[in-house]
Amino acid sequence: MWDAVFDWIIYFFLILGIFFNLLAGLGLLRFPDVYTRLHAGTKCTTFGSIFIIGSVILIGLKAWIFNTPEVANSPDVLVFHAAVALVAILLTNPTGAHALARAAHRSGVKPAKAVIDELENKPSKKEVKK
Amino acid sequence: MIQIEPVYLGVLGALFLAILMAIIRVIKGPTAPDRIVGLDTINTIVIVSMVIFGLAVQSVIYIDVAIVYAFLSFISTLFIAKYLEGGEF
């Protein structure tokens with residue numbers, strides 16, 4: 001019985017993850033400027049990746065607990081390595097997005113339809129040092 | 001003999017659609033940061049599909065490759081961002 005519960009949760013997580021990853025692609029196509037595209041392309045893929053890799057972890061846990069034939073050999077190794085991959089994505093993706101947004105603003109890309117830009121006259125760190 | 005279940009194949013197909021939309025943004029993108037955002041998205045989705053593929057063909061080595069790919073793509077994104085910013089390394 002708990003077997004079937006695991007199955008339903010796995011399917012739900014897979015559908016949710018695919019939905020958010022497709023939403024990321026769609027937002028990347030349809031949004032007007034760099035910052036909104038960054039918003040779609042990074043946050044949605046991070047959220048979708050949590051669910052897809054979470055479903056992989058659940059499949060491994062199910063094979064580990066109930067000895068089901070989804071994972072033939074060593075499901076514990078699969079669970080731990082998928083968890084490490086998830087931690088890698090969670091650590092690196094927001095950091096890269098922040099660096100990209102800062103680089104885009106400093107290289108002179110303006111937000112589309114923005115009324116004010118509060119960071120416009122703010123000196124960067126190097127100019128303060130001089 | 002590789003035997004991939006239809007569920008995993010459907011997941012990989014949907015992720016490929018997302019990658020395709022990001023590729024269109026990389027080709028079309030008006031500015032350089034647009035293209036880099038598209039590349040970053042492609043990197044994340046490729047990591048996820050590597051994990052799914054490693055489960056589908058029953059070999060954990062693909063997941064290890066995905067971990068290393070995640071950190072390498074992070075480093076490349078940081079370097080390209082630093083380059084766009086125009087600062088000293």
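A residue counts as buried here if 20 or more other C-beta atoms lie within 10 Å of its own, as exposed if 12 or fewer do, and as partly exposed in between, with C-beta atoms placed from the backbone. With that in hand, here are my notes.

1. **Ground rules.** This is a predicted model, in which local features need pLDDT of at least 70 and side-chain atom pairs count only at pLDDT 80 or more, while totals for chains, interfaces and linings use all residues. Residues are numbered from 1 along each chain as its sequence is written, and chains are lettered from A and ligands numbered from 1 in the order in which they are written.

2. **A buried leucine in chain B.** L39(B) is buried, with 20 other C-beta atoms within 10 Å. L39(B) is 20 residues from I19(B) in sequence, and their C-alpha atoms are 9.4 Å apart in space.

3. **The interface.** Contact means that the C-beta atoms of two residues, placed from the backbone, lie within 7 Å. In those terms, 39 residues of chain B are in contact with 41 residues of chain A. On the chain B side, α1 (6–28), α2 (32–56) and α3 (61–85) are the elements that give two or more residues, and α2(B) gives the most, with 14 residues. That side of chain B divides into 27 nonpolar, seven polar and five charged residues. For these classes, Ala, Val, Leu, Ile, Met, Phe, Trp, Tyr, Cys and Pro are nonpolar, Asp, Glu, Lys and Arg are charged, and the others, Gly among them, are polar.

4. **The core.** A nonpolar core is a set of buried Ala, Val, Leu, Ile, Met, Phe, Trp, Tyr and Cys residues joined through C-beta atoms within 7 Å. The largest such core has 55 residues, of which I53(A), V56(A), A82(A), A85(A), L100(A) and V51(B) touch the most other members. Two or more residues come from each of α1 (2–30), α2 (34–66) and α3 (75–106) of chain A, and from each of α1, α2 and α3 of chain B. Leaving aside neighbours within four places in sequence, V51(B) is in contact with I53(A), V56(A), A82(A) and A85(A) in one chain, and with I63(B) and A66(B) in the other.

5. **α3(A) against α2(B).** The axes of these helices (lines fitted to C-alpha atoms over the stretch in contact) use angles from 0 to 180 degrees between N-to-C directions. For α3(A) and α2(B), the axes come within 11 Å and cross at roughly 175 degrees. The pair is therefore roughly antiparallel, the label for angles over 145 degrees, with under 35 for roughly parallel, 65 to 115 for roughly perpendicular and oblique for the rest. Residues of α3(A) including L78(A), A82(A), A85(A) and L100(A) meet residues of α2(B) including P33(B), D40(B), V51(B) and L55(B). The residues of this contact divide into 13 nonpolar, three polar and one charged.

6. **Other partners of α3(A).** With α3(B), the axes of α3(A) come within 9 Å and cross at roughly 10 degrees, so α3(A) is roughly parallel to α3(B). That contact holds 18 nonpolar, four polar and four charged residues. Within chain A, α2(A) and α3(A) pack at about 175 degrees with axes 9 Å apart, which makes them roughly antiparallel. Here the residues divide into 24 nonpolar, five polar and one charged.

7. **A glycine to look at.** G96(A), in helix α3 of chain A, counts as buried because it has 25 C-beta neighbours inside 10 Å. Not counting residues up to four places away in sequence, G96(A) touches D40(B), F74(B), T77(B) and L78(B).

8. α1(A) has 29 residues, and its end C-alpha atoms are 42 Å apart, in agreement with the 42 Å it should span at 1.5 Å a residue; the expected span is 1.5 Å times one less than the number of residues. Its buried residues include F13(A), N21(A) and L28(A), and their cover includes α2 of chain A together with α1 and α2 of chain B. α1(B), with 23 residues, reaches 33 Å, close to the expected 33 Å.

9. **One backbone check.** Which residue has a positive phi although it is not a glycine? Q58(B) does, at about 60 degrees. Q58(B) sits in the loop between α2 and α3 of chain B and, with 16 C-beta neighbours inside 10 Å, counts as partly exposed.

How values were computed:
Helix = DSSP H or I, 4+ residues; strand = E, 2+ residues; numbered from the N terminus.
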